[in-house]
Amino acid sequence: MPSIDPDAAATARQCRQYAMCKIDFLGTGLCPAAGGKPFVSYYPQGRMLLYQALSEGRISCTERLVDVARSCSHCGICDLQCSFVTGLRPSRV
């Protein structure tokens, strides 16, 4: 089992699955990691689902999952969108 960051697990549990990270609601752009990929796992919403499942032991860490996680650039665009709508995640940009 991979080491689970408690702060990241808490953030994942707070995700309300509104999918604001998949639309350019504020005009700040979309997640560059998701660009053109047809899988929700490359969007912040999917990352939250994956991390939550990992932290709860419902899925195993695989090489493909690590590839998905490493595609995130930590640009903060998702934080802006999510925080604007839900107030749950702080804005980092």
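Predicted model: local features only at pLDDT ≥ 70, side-chain atom pairs only at ≥ 80, totals over all residues.
Q: Which residues make up the largest nonpolar core?
A: Start with the general idea. In soluble globular proteins, nonpolar side chains tend to be buried together. Here the largest nonpolar core has six residues. They are Cys31, Ala33, Ala34, Tyr42, Tyr43 and Val68.

Q: What is Val68 in contact with, leaving aside its neighbours within four places in sequence?
A: Val68 is in contact with Ser41, Tyr42, Arg47 and Leu50. One of these, Tyr42, is also listed with Val68 in the largest nonpolar core.

Q: Now the charges. How many salt bridges does the structure hold?
A: Again, the general idea comes before the case. Side chains of opposite charge can pair when their charged atoms come close. This structure holds two salt bridges.

Q: Which residue forms a salt bridge with Glu56?
A: Arg58 does. The closest N and O atoms of Glu56 and Arg58 are 2.7 Å apart.

Q: What about the salt bridge of Arg64?
A: Arg64 pairs with Asp67. Their closest N and O atoms are 3.8 Å apart.

Q: How are Arg64 and Asp67 placed in helix 3?
A: Helix 3 covers residues 63-70. Arg64 and Asp67 lie three residues apart in helix 3, so about one helical turn separates them.

Q: How accessible are Arg64 and Asp67?
A: Arg64 has 48% relative accessibility and counts as partly exposed. Asp67 is partly exposed too, with a relative accessible area of 35%.

Notes. Residues numbered from 1 in each chain as written. Heavy atoms only, no water. Core = buried A, V, L, I, M, F, W, Y, C linked by side-chain atoms within 4.5 Å. Buried < 20%, exposed > 50% of the residue type's maximum accessible area, 1.4 Å probe, protein only. Contact = heavy atoms within 4.5 Å. Salt bridge = Lys/Arg side-chain N within 4 Å of Asp/Glu carboxyl O. Helix = DSSP H or I, 4+ residues; strand = E, 2+ residues; numbered from the N terminus.
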